[in-house]
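Subject: Structure handover

Hello,

I am passing this structure on to you. Please open it and keep it in view while you read my notes.

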Amino acid sequence: KRRPNEVIRKVPYLRVANVQRGYLDLSEVKEIEASESEIEALKLQPGDILFNEGGDRDKLGRGWIWNGELPECVHQNHVFRARLKNTEDQPKFISFYGNSEGQRYFMEQGKQTTNLASINLTKLGALPIPLPPPNDQRRIVAEIEKQFTRLEAGVAALRRVQANLKHYRAAVLKAACEGRLVPTEAELSRSGVPPLNPDSTVKPASSKAGSKLSASPKRRDAAPPFEPGQHPLARTPTDRRQTHGRPQSTATRKKKYKEPTAPSIPTDEALPPGWSWATWDQIGVSQNGRPFPSAQYQETGFKLLRPGNLHVSGKVVWTDGNTRCMPQGFADENPDLIVGANDLVMNLTAQSLKDEFLGRVCITAEGEACLLNQRLARLTPIIVLPEFALCLLKAWRFRRFVDGLNSGSLIQHMFTSQLAEFTFPLPPLAEQTRIVAEVERRLSGG
């Protein structure tokens with residue numbers, strides 16, 4: 001429709017993505033070619049109130065004020081511009097109302113199609129606004145902004161606390177996995193303090209009964225000399241063969257037992273007395289999940305464990321948004337893939353290394369029962385406490401190991417065969433018990 005000789009030029013323009021609820025996101029402002037007459041007609045002026053036409057229902061009427069952030073800018077057709085007839089009225093008062101109480105009106109009046117919701121200029125123009133006198137508008141806006149400033153300061157303080165807690169948690173786990181959190185068994189033996197009796201508190205982790213700590217651990221009557229041969233690694237080969245031989249699935253039964261990978265012992269790091277270097281392959285068994293058809297996801301049935309259920313806290317979390325279920329028949333056909341209570345599970349795929357999502361490990365709660373989906377692995381520690389294994393796999397050494405697996409691709413993957421080679425220091429079993437108890441005490445604020 002432009003005239004043949006009409007001059008056009010590029011000009012910045014606002015899109016729905018730029019107009020957020022209560023603020024403008026100008027981190028990416030695109031440009032469009034327009035004529036001088038089009039630019040003049042669509043150019044934003046300071047004080048203009050912006051409303052989004054829609055898209056998703058939560059975007060209906062979303063908006064904020066244009067305060068001349070760019071010297072020249074127009075708006076696309078999915079962003080409505082409103083100008084107040086009375087220059088004494090406060091644009092921010094109108095926008096605050098539209099972003100709060102006005103949302104009910106937009107939700108009721110918005111037109112819904114298959115995938116989109118929208119309002120039109122007629123509906124926007126009919127938005128009922130309880131309008132106080134201009135002076136009252138100014139006082140209300142000033143009070144809202146004062147409270148928002150306080151809220152932003154509180155949020156910033158909370159983020160600082162969260163960052164400090166993250167550093168503290170990392171420091172506790174680092175000390176726990178380096179033998180600096182509690183006295184070692186060797187130190188207790190030299191001091192004459194009777195250490196915990198591991199046989200009275202812990203059973204092999206391959207047994208469900210051994211996955212919980214005793215509430216009242218027994219102590220020896222005397223403190224016998226510490227014996228390095230009591231280290232759990234000395235008992236691992238037999239228990240590993242027994243765990244390998246359990247009939248988890250037909251594929252597992254057909255596999256020939258393979259001796260575990262030996263640790264690559266660091267030459268620049270000394271271990272506490274009584275500790276030994278070990279690989280995950282020596283003290284644990286890994287099992288991959290399998291793909292379950294997403295076409296058969298349903299709201300009820302047998303829960304399906306997916307990467308999104310693994311929370312950074314180390315717990316498995318189920319919400320309305322991340323819970324998917326499969327028909328009961330899938331659980332009946334795959335009993336070997338049912339994850340139970342106090343099981344360790346690991347995420348094997350992530351789009352980036354952010355938030356430690358790749359290799360994130362969690363432990364399931366009491367009463368848990370869910371299917372192990374693909375891109376996840378179940379980790380079964382042998383002799384080693386599941387709770388101590390969780391500490392190991394959330395501490396700095398394992399995170400550095402995972403970072404070293406970075407392939408540079410957009411989707412990051414790791415494999416249980418790589419996990420098998422992970423080398424870490426391992427304390428005696430009784431010391432693991434005391435370490436776990438101290439970690440739980442410190443991180444729970446006790």
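Below is what I found, starting with the whole chain and moving on to single spots.

Please note that this is a predicted model.

The whole chain

The protein chain has 15 helices and 23 strands. It runs to 446 residues, and 42% of them count as buried.

Two helix pairs

Start with helix H5 (residues 134–176) and helix H15 (residues 429–443). Their axes are 10 Å apart, and the packing angle is about 170 degrees. An angle over 145 degrees counts as roughly antiparallel, so H5 and H15 are roughly antiparallel to each other. Their crossing is right-handed. On the H5 side, the contact is made by Tyr-168, Arg-169, Val-172, Leu-173 and Ala-176. On the H15 side, Ile-435, Val-439, Arg-442 and Leu-443 meet them. The residues of this contact divide into 7 nonpolar, no polar and 2 charged.

Next, look at helix H2 (residues 91–99) and helix H3 (residues 102–109). Their axes come within 5 Å and cross at roughly 55 degrees. H2 and H3 are therefore oblique to each other. Tyr-97, Gly-98 and Asn-99 in H2 meet Gly-102, Gln-103 and Phe-106 in H3. Here the contact residues split into 2 nonpolar, 4 polar and no charged.

A covered helix

Which residues of helix H13 (residues 396–403) are buried? They are Arg-397, Phe-398, Arg-399 and Val-402.

A buried loop residue

Finally, find Val-316. It lies in the loop between strand S14 (302–305) and strand S15 (324–326). Is Val-316 buried or exposed? Its relative accessible area is 14%. Buried means under 20%, so Val-316 is buried. Leave aside its neighbours within four places in sequence. Val-316 is then in contact with Leu-305, Asn-309, Val-345, Cys-362, Ile-363, Thr-364 and Glu-368. Take Cys-362 from that list. Val-316 and Cys-362 are 46 residues apart in sequence, yet 6.1 Å apart in space, C-alpha to C-alpha.

Best wishes

Technical notes
Residues numbered from 1 in each chain as written. Predicted model: local features only at pLDDT ≥ 70, side-chain atom pairs only at ≥ 80, totals over all residues. Heavy atoms only, no water. Axes fitted to C-alpha atoms, helices over the stretch in contact; angles between N-to-C directions. Helix = DSSP H or I, 4+ residues; strand = E, 2+ residues; numbered from the N terminus. Parallel < 35°, antiparallel > 145°, perpendicular 65-115°, else oblique. Left-handed = near helix turned anticlockwise from the far one by under 90°. Contact = heavy atoms within 4.5 Å. Nonpolar A, V, L, I, M, F, W, Y, C, P; charged D, E, K, R; others polar. Buried < 20%, exposed > 50% of the residue type's maximum accessible area, 1.4 Å probe, protein only.
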